[in-house]
Amino acid sequence: MMMSARLIHISRLIPRLPLYRCRCHHAGLVSQAHVHYSGDRARPRMPIAFSHTLQIQPVSFCSDLASRKYDLIYAFPAIKGLRALSRLKLMQTGITAVLLPAVYYLYLQGQASALLMSYSTGIAVFAGVMLYSISHYVRRVVGMMYLDSTQTILKVSHLTFWGHRRDLYVPVSDVMTLGDSGDSKGEPILRLKRYSSSDTMYFSTRLGQVVDRNAFEKVFGSLS
């Protein structure tokens with residue numbers, strides 16, 4: 001009896017976590033890597049003692065979104081140049097990171113001057129800062145946008161930190177129109193914002209190409 005009473009007491013201390021189902025058609029941002037959910041119901045409330053030790057794994061990607069048929073509505077041709085720039089900065093940062101220990105070794109051996117060591121360190125730090133800065137903005141540039149046949153899911157393609165392509169799937173009802181996002185229709189750089197998240201991406205109707213104007217306006221509103 002004492003043992004069962006203790007078990008009951010312990011079970012009451014364990015938080016009751018909600019069960020998760022794949023809700024990629026209804027809310028949030030679905031990517032090929034993970035799922036973001038918005039709203040209080042998608043955030044389990046746990047005591048502080050458990051929040052640091054117990055982690056809820058995100059719901060896996062819904063493959064039916066990737067298998068849908070999508071039509072191109074927007075393209076940004078310069079995304080290839082940004083991809084090359086991103087990979088070039090990665091290569092430059094990697095080279096400096098490999099050469100820097102060798103310069104320090106030569107300095108400790110007395111075969112390199114302090115000026116060379118300082119110069120090499122400055123280049124390595126500058127390359128790292130530039131890589132972070134460039135990647136921070138390049139990852140937010142929209143390369144292409146597609147709309148599925150039901151016109152309910154917007155597929156957004158952009159670059160990752162490593163310069164690879166990544167596709168995000170966003171419900172059209174969650175995408176802000178140009179009027180709601182606060183952008184003027186004639187601005188060169190426009191923001192892709194969602195109601196359920198503060199994340200912002202960028203695209204341009206001047207530098208880019210609106211392939212399907214009617215479908216594009218169903219997502220972002222009138223361009224005229």
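Buried residues make up 34% of the 224 residues in the chain, where buried means under 20% relative accessible area, exposed means over 50% and partly exposed lies in between (1.4 Å probe, protein chains only). The model is a predicted one, so local features need pLDDT of at least 70 and side-chain atom pairs count only at pLDDT 80 or more, while totals for chains, interfaces and linings use all residues. Residues are numbered from 1 along each chain as its sequence is written, and side-chain values use heavy atoms, with hydrogens and water left out.

The chain has seven helices and nine strands; these are DSSP runs numbered from the N terminus, with helices (H or I) of at least four residues and strands (E) of at least two. Of the contacts (heavy atoms within 4.5 Å) with a separation of 6 or more, 57% are between residues 24 or more positions apart.

Now for the inside. A nonpolar core is a set of buried Ala, Val, Leu, Ile, Met, Phe, Trp, Tyr and Cys residues joined through side-chain atoms within 4.5 Å. The largest one has 27 residues, and M145, L154, F203 and F220 touch the most other members. Elements giving two or more residues to this core include β3 (70-75), α5 (114-138), β8 (197-203) and α7 (213-220). Helix α7 supplies the largest share, four residues. Leaving out residues up to four places away in sequence, F203 touches a list of residues that includes Y74, M145, L178, F216 and F220. A second, separate core of five residues includes L65, Y70, Y146 and Y169.

A215, F216, V219 and F220 are buried in α7. These four sit on the same side of the helix, because they cover an arc of only 115° around the axis, going by the directions from the helix axis to the C-beta atoms. On the other side of α7, N214 and K218 are exposed. An α-helix has 3.6 residues a turn, so residues three or four places apart point the same way.

Two loop residues come next. V172 lies in the loop between β6 and α6 (178-181) and counts as buried because its relative accessible area is 15%. V172 and K218 are 46 residues apart in sequence, yet 8.7 Å apart in space, C-alpha to C-alpha. Among the residues that V172 touches, beyond four places away in sequence, are L147, L154, K218 and V219. T205 is found in the loop between β8 and β9 (209-210) and is partly exposed, at 22% relative accessibility. Its contacts, again not counting residues up to four places away, are P188, L190, V210, F216 and L223.

What about charges? The structure holds six salt bridges, each a side-chain nitrogen of Lys or Arg within 4 Å of a carboxyl oxygen of Asp or Glu. One of them joins the side chains of D148 and R68 (2.7 Å, N to O). This pair links distant parts of the chain, 80 residues apart: D148 is in strand β4, and R68 is in the loop between α3 (63-66) and β3. D148 is buried at 3% relative accessible area, whereas R68 is partly exposed at 26%. R191 and D183 also meet in a salt bridge (3.1 Å, N to O). Salt bridges that share partners join K155, R165 and D167 into one network.
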